[in-house]
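Hi,

Here is the structure I promised to pass on.

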Amino acid sequence: MKILKLRFKNINSFYGEHEPLDFMIDPLAASGLFIISGPTGAGKSTLLDVITLALYNEVPRFGNVSKTDIEKLGSVVNLRAAEEPKAEAYAEVEYEVKGKQYRSRWSISRNRNNKWNNYSMEIAELPSGNLLDVKKLNDFPKKNEEIIGLNYEQFVRSIILAQGSFAEFLKANQNDRGKLLEQLTGSHIYRKLGEAAFLKNKEFGEQLKLKEDQLKAVALLTAEQMEELQTKNKEAESQYQQAEKGFKFWQQEQTTLEKQEQIEGQLARLAKEREALTVQKTAFVAQNERLQRHELVSEWAGELVKLEEKQKQLATNQKNFESLGGQAQTQQTAIESTVGKIRTLIGHATDEAHLLEELSDFEEKIWALETEIETINAEIRPVFQNIKQEITQATNLWVRGLAVDKLDETHQLLTQKRADIQPELALFAADFTAEKELDKMAVRDSSLIELGAKLTERDRLAERGKETKTTLAQNQEFAKTQQPVFEEYTKNAQVLEKQIVELRNKKEKEQQKFNLEDLRAQLKANEECPLCGSVHHPYVHQYDNALRGVQLELDILEKQKKETDKQLTNLNGQLSKAKGLIEQAEKDLLKLRDDYRQADDTAKKWLVELELPAEIKLEQVRTEQENLKIGREQIRRWQQAKDLDSTVKRLLEDYETLLKLRQQKQQKEQAKLQRYAGRNVRKDAQDLREAFSNAQTTLRLNREQQAEVQKITVEATEDLRLFSQKLTAELQQKGIEDTKIAAQYLLTSADVEQLKKARKVLEDRAQEIETNQKTWTLQLTETQPMRQTTEAKETVLENAKNQEQLRNSWLRETSTIAAQLKNDTQQRERFADLEATLKDLRQQRHKWQLLNEYIGDSTGNKFSTFAQNLTLSNLIGLANRRLKNLSDRYILDKPKDDTDSLFVMDTYQGNSLRAVNTLSGGETFTLSLALALALSDLASQNVKIESLFIDEGFGTLDPDTLDMALNTLEKLQAESNKTIGIISHVELLKERISTQVRLKKDANGFSTMEVVG
């Protein structure tokens, strides 16, 4: 993974948009190794924040970034930019992975309501610029992680190397080191695997226990129980067959009886239905007569309907004539009302002939006044817009807080403000060049900072010199007093060694004198010796006592020798350490003296350049800087007052113009209001004209319609008379007196249909009853011979019931036995299935038992510890390879059995082991750098790392170690063609590395960036 280019705007101390930081063009591309330098707070770490923000929406100092963090904490976005309307910020990085290039961008902006929108991200392929299809906002960091092959934690541990975390790793105990190692390498998976193995074994154990309990609960029948059940089952089957045969006989007899009774019932029902039908026919006589009368007049149904329609139409025409008369009266009233409104509007009476002409004249006069008012408004608008734009775009918060619409109040505030800022303007002359003076102050302030740094460094070197002298004196005194003790221990050890050798020789002689161990072992007290016949064996006791005495004395001397050797070893180590510290302190003193002289010489040069006394103190330099700050603040206040005065002056001119135009507008509006209080004279006049014209037109048309309706009504009356006369004559020939009686005879089509349907139903029902009577009589004749007994119905029912109960009893018996046999079969099948399942579960669990035994536990610590030990060994091996290029003195080693601490082997002190927490700051940095590079090597086994950024830590190194560290990084860059950036403010680094990204802070605290090389 290689970083190609950075772009950003309004991030942290960087205000505005800056030139891209392009690692693919010279001088950064040509060098490959560069330094990012600048004073504290200039934004060195911000460049790294840009990378992680653009890729993962995270920065090391805040974690995940949200608009809430930006609103409440002021994080990420430049504070001055954040106050501006339509503020925006972005971070963009271009990178290359496996030959493909991508651009990832993070951005945020304010909306029209001056609220922060949520941040947005995008990822594009290069050089096409096609955006990747990523839907959800949270998926963009995951997509970058997928492309790069590193999550955020792995990225900052393998590409952005912060030395503090590795120093913490060096000195942590075993538990903390394991957690840090998991964080550094992202190897949380081993802990999860250990937990998973434990849980999987537990899960199989629980399943086995459940199945074993289920197996124990299975109950099976014995052979005797099975035989007894089968015998009972045969007897029950035989009895059931006999009962079933008897039940079917009596059931058939019962069915025949019930069918006979049913037929007799149907015949009785038919008799009742015949009587009911007779009643219905009698009731239908009157309705049938209505139907017959309708059928008599049905041929004149059309003429009768037409007659009724003519009568209705004549009534409608008469009603319309009356309605038109009322409408005419209404229109006449409307005309009179409109005339009155027009006279009221124009303000005087006039006849109807000149009414519209007078209305138009009035309209034109009012319109002329409105035109003059609009002309004044046209002059007001640009002035008002200038004021609004001036206030909205003003950088001064007081000006931006002015109420644009409150003319008198704002004019008074502006007048007062201009008077208030005159004292600030009087601080300097009108022709005072503030920028030039601020530049001079900035240069002097920068020089004072350098002077303060050198004075601080000189004082620090002096203090370190005192400390080093104290250390040198203490170790010299220790070596002087402990050397005689060491020599005395050496002599004692030599004497003890000589005595031990003599005792060992004596022991050997005693063993040779009585070299008959096997025979002596067979001798027993109070029993004869096979050689001499004696029952007393003095030589055995003599041998045992002599040998025991020599051995006891030898043990005492060896213990004394071991204790002496231990004290000698400890003292030797202490003396070696003291001599090493003496040697180092002497070297350090020489180096400190040179550094002190250089710092003192540089400080004196700055004092001469700044024209300050040679005996000036650091506190006086700080006072000088504070005075410069006060002076800059006065100039800034003068600049702000000058800018504010110019703005206020322009606003006052615009407001005075606005007040004059407002007065002219008020005069015209008053003149208009005296004659017309409405809102739109054009509309009001047009509405009155249209109302007057429409009322006249409507009245004329109404009168024409009234005459037409009267003519139609006369004609319709005559037509109705003739038609009625003809129809009445035809009806009288059929015996119907007139049209009214004929209309009464006439039924609706629905009534006719209903009556016909009712008559048809009665006829069909009579036919149906006759047919059913014949059918049921025939069935009764056929059923009577089917009886097999002469028993009464009660006896038949009782016999059928008894046989059914007996049959059901034996059926239950057979069902019970069959269920018992079936249950036993199912239980045997279940038993076999459980045994097979248990066998399979035991086989499956065996591997999880083994896995749990080796790596599993409830917390995952067992496998995690094992994996971290392997990872630690691998990391230490890679670190020692890097350490060879940094220092040939130390070799990093794992913790010992009884300690948590990491160790280093000191090859300058006879390969003696030391805990890492005894190392100096420079030594700790050297090991930390080796670890950081090793972790990057470890990550590059899966992901090719082509960019490294090393953040701080070089300030603790002496010149020689710093030189070795730089040689290592230069060699690493040359071998791997990596891009390596070092973030530091160490002067020697700036002198050694010519390619630099220099960051500076201006007088406002904003940062700028310059690439040199």
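Let me start with some rings: Phe 23, Phe 34 and Phe 949 are joined into a cluster by ring pairs. Before you read on, keep in mind that this is a predicted model. In total, the structure holds 10 aromatic pairs. One of them is formed by Phe 8 and Phe 14, with an edge-to-face arrangement, 5.1 Å from centre to centre and 70 degrees between the planes. In case you wonder about the two numbers, a pair of aromatic rings is described by the distance of the centres and the angle of the planes. Phe 8 has a relative accessible area of 1% and is therefore buried. Phe 14 comes out at 0%, so that residue counts as buried as well.

Now the overall picture. The chain has 28 helices and 16 strands. Its radius of gyration is 59 Å, whereas a compact globule of 1013 residues would have one near 31 Å. Buried residues account for 37% of the 1013 residues. If you take the contacts with a separation of 6 or more, 74% of them are between residues 24 or more positions apart. The accessible surface of the chain is about 60700 Å², and carbon and sulfur atoms own 49% of that. As for charge, there are 148 positive and 163 negative side chains, and the centres of the two sets lie 1 Å apart.

Most residues other than glycine have a negative phi, and most peptide bonds are trans. Against that background, here are the exceptions I noted.

- The peptide bond from Asp 26 to Pro 27 is cis, with omega near 5 degrees. Pro 27 sits in the loop between β2 (21-22) and α1 (28-31).
- Another cis peptide bond runs from Leu 126 to Pro 127, where omega is near 10 degrees. You will find Pro 127 in the loop between β8 (120-126) and α5 (139-148).
- Asn 12 has a positive phi, near 50 degrees, although the residue is not glycine. Its place is the loop between β1 (2-9) and β2.
- Asn 114 also has a positive phi, near 65 degrees. This residue belongs to the loop between β7 (100-109) and β8. With a relative accessible area of 39%, Asn 114 is partly exposed, because that value falls between the 20% and 50% cut-offs.

I also looked at a few single residues and what they touch. The contacts below leave out neighbours up to four places away in sequence.

Thr 350 is in the loop between α12 (301-346) and α13 (355-392). Is this residue buried or exposed? Thr 350 is buried, since its relative accessible area is 14% and the limit for buried is under 20%. Its contacts are Arg 343, Leu 355 and Glu 358. Between Thr 350 and Val 339 there are 9.3 Å from C-alpha to C-alpha, with the two residues 11 apart in sequence.

Thr 814 is part of helix α24 (residues 793-855). Its relative accessible area is 7%, so Thr 814 is buried. Which residues does Thr 814 contact? They are Asn 233, Ala 236 and Glu 237.

Asn 880 belongs to helix α25 (residues 861-886). At a relative accessible area of 15%, Asn 880 is buried too. Ile 891 and Leu 892 are the residues Asn 880 touches.

Finally, Ser 994 lies in the loop between α28 (987-992) and β15 (996-1001). Ser 994 has a relative accessible area of 53% and is therefore exposed. Even so, Ser 994 is in contact with Val 1012 and Gly 1013. As for Glu 497, which is 497 residues away along the chain, its C-alpha atom is separated from that of Ser 994 by 64 Å.

That's what I have for you.

Cheers

Methods:
Residues numbered from 1 in each chain as written. Predicted model: local features only at pLDDT ≥ 70, side-chain atom pairs only at ≥ 80, totals over all residues. Heavy atoms only, no water. Helix = DSSP H or I, 4+ residues; strand = E, 2+ residues; numbered from the N terminus. Rg over C-alpha atoms; globule rule 2.2 N^0.38 Å. Buried < 20%, exposed > 50% of the residue type's maximum accessible area, 1.4 Å probe, protein only. Contact = heavy atoms within 4.5 Å. Areas by Shrake-Rupley, 256 points an atom, 1.4 Å probe, with all protein chains shown as cover. Lys, Arg positive; Asp, Glu negative; His and termini not counted. Charge placed at Lys NZ, Arg CZ, Asp CG, Glu CD. Phe/Tyr/Trp six-rings, centres within 6.5 Å; stacked < 30°, edge-to-face > 60°.
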